[in-house]
Amino acid sequence: MRPRTLSLALALTLTPGCALHAQSQTSEATSIIHATVVDVAVGKDLPDQTIVIEGNRILAVAAFDSAKAPQGRVIDAHGGFLIPGLWDMHVHIQDLEDLPLYIANGVTGARLMFGSKHTPSLRAKLAGASVAPEVIFGSAIVDGDPPVWPGSIIIKNPGDARRTVDEIKADGADFVKIYNDIARDAYFALADEAHKQNIPFVGHLPYAVRASEASDAGQRSIEHLDGITIACSKREQSIINELRPLHYLGKMNLVAEAIRNYDSAQCLALFTQFRRNGTWQVPTLTVHRSMAFLNDSRFTSDARLAYMSGDVRRRWQPENDFRFRRWPPAEFELHRGLLSADKQLVGIMFRAGVPLLAGTDAMNPFCFPGFSLHDELALLVESGLTPLAALQSATLRPAEFLGRTEEFGVIAPGKRAGLVLLSADPLVDIHNTAQIQAVWLQGKYFDRTALDRLLEDAKHRSGKGALH
């Protein structure tokens, strides 16, 4: 849901003469007083704190001292809950005009999972956005022949794989994004070359590769729980042998067969391996839910469609998507059962200590930029994560995954000033991450009025920001 406008009693108070709007980042210090800092490292609320920001960095975090005048401009949080800026670790960006929706929802960072064959050009285009999260750039999708998606990089053999990794590295992408139909020998060559080039590779699990093999090969993250249910089945290898490229519904029926042959000991051994090898999982339950309920008019009448362009609204209707237009009701029912099984699997992963990241697969049908990260956090809690663990999956864990804990992930001196002020405690109820009072993006301040303006502007987009 759209973040709720606060009552006057909870509204932010600025020093006299300061208008309510988005402030440019300056070197002037800003003091946020009377804030409850949520320490996401330990799950503790620190009441009545003063946070001093200068430029794009946090200078100090300390208990409020009435005897000490606050530095610079003063913003009174009135006890609101301050969390680190949120990260969506699985997005697709199709239009620059979608980017402010991330900021309006407190999402200050995102991992782009389908980049370009020319990363510098894509970086330049996104740099032209006036209000946007920090973006981690993936390569164009690397797939076998034929690929699922136009614009993919096709590899047919180990030589192709090594050459592709070298080219992606030279092009400046932050990681290699892989897909389902990569041949087995090409996959292991890609993994070896990625290791040599010191560039992470992440993505789907190729049909010909077992999840345990991918973990040992160093795949940094597996998206969508892809192949995990099959890896937890007594029939793992025989099911892998039955998988066929470009036959999605056939694959899903095999996943259902894997569930019927679930082996808990085998599953826990795999999750121990993931934990040991640092193989991160990005469940993207949001997109799984969308695929399960696309034939439900209550789901597809989501009010947040008002913030999407007319073209997106048309494309999101199942009759206009090549993947779903021919699905009978039984397929949607199957996917509702698979969603339930996925949520159970995520709970088992969490209890087994598997590292988890929050990601939405934004811009797939009814996976909304910014908004859907709050849906994902709620789905993770429904799956068995604590509110703290869910919050960590979008704050501290992305920093750990990216090797950037010195820069962000918690609220502390020296960290970047990416912050979100909430009206209620997310450690009590994870839905409170959507109760946003203000956002700081690299030190630039957006109060509730400015955030509402971003949302209103999204309703009147020009349609001229498409990336392709």
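View 1. E8 and strand E9 (residues 134-143) pair in the parallel sense over five bridges, where two strands are taken to pair if DSSP finds at least two bridges between them. Helices (H or I, at least four residues) and strands (E, at least two) are DSSP runs, numbered from the N terminus. The model shown here is predicted, and local features are described at pLDDT of at least 70 and side-chain atom pairs at pLDDT 80 or more, while totals for chains, interfaces and linings use all residues. Residues are numbered from 1 along each chain as its sequence is written, and side-chain values use heavy atoms, with hydrogens and water left out. Because eight of its ten residues are buried, strand E8 (residues 107-116) is largely enclosed by the rest of the structure; buried means under 20% relative accessible area, exposed over 50% and partly exposed in between, with a 1.4 Å probe and protein chains only.

View 2. A crossover is called right-handed if, with the strands pointing away from the viewer, the path from the first strand over the helix to the second runs clockwise. A right-handed β-α-β unit is likewise made by E8, helix H2 (residues 119-127) and E9.

View 3. E9 runs parallel to strand E11 (residues 175-178), and three bridges join them, with Val142 standing opposite Ile178. Strand E10 (residues 153-154) is also parallel to E9, joined to it by two bridges, and here the bridge partner of Val142 is Ile153.

**View 4. Helices H8 and H13 where they cross.** The axes of helix H8 (residues 248-260) and helix H13 (residues 329-352) come within 11 Å and cross at roughly 45°, which makes H8 oblique to H13. Axes are lines fitted to C-alpha atoms, for helices over the stretch in contact, and angles run from 0 to 180 degrees between N-to-C directions. Angles under 35 degrees count as roughly parallel, over 145 as roughly antiparallel, 65 to 115 as roughly perpendicular and the rest as oblique. The crossing of H8 and H13 is left-handed, a term for a near helix turned anticlockwise from the far one by less than a right angle, whereas right-handed is used if it is turned clockwise. Among the residues that meet here are Tyr248, Met252 and Ile259 of H8 and Glu331, Leu334 and Leu338 of H13, contact meaning heavy atoms within 4.5 Å.

**View 5. Helices H9 and H13 where they cross.** Helix H9 (residues 264-277) and H13 have axes that come within 10 Å and cross at roughly 55°, and the two helices are therefore oblique to each other. Their crossing is right-handed, and the contact is made by Cys267, Leu268, Phe271 and Arg275 of H9 together with Leu345, Ile348, Met349 and Ala352 of H13.

**View 6. Helices H3 and H4.** Helix H3 (residues 158-171) packs against helix H4 (residues 184-197) at an angle of about 35°, with their axes 8 Å apart. The crossing of H3 and H4 is right-handed, and the residues in contact include Pro158, Ala161 and Val165 of H3 and Ala186, Ala189 and Leu190 of H4.

View 7. Ala35 lies in strand E2 (residues 29-39) and counts as buried, at 0% relative accessibility. Its C-alpha atom is 6.4 Å from that of Pro47, twelve residues apart in sequence. Leaving aside neighbours within four places in sequence, the contacts of Ala35 include Leu46, Pro47, Ala77 and Gly80. Phe64 lies in the loop between strand E4 (57-63) and strand E5 (73-76) and, at 26% relative accessibility, counts as partly exposed. The C-alpha atoms of Phe64 and Thr50 are separated by 5.2 Å, although these residues are 14 residues apart along the chain. Beyond neighbours within four places in sequence, Phe64 is in contact with Ile33, His34, Asp48, Gln49 and Thr50.
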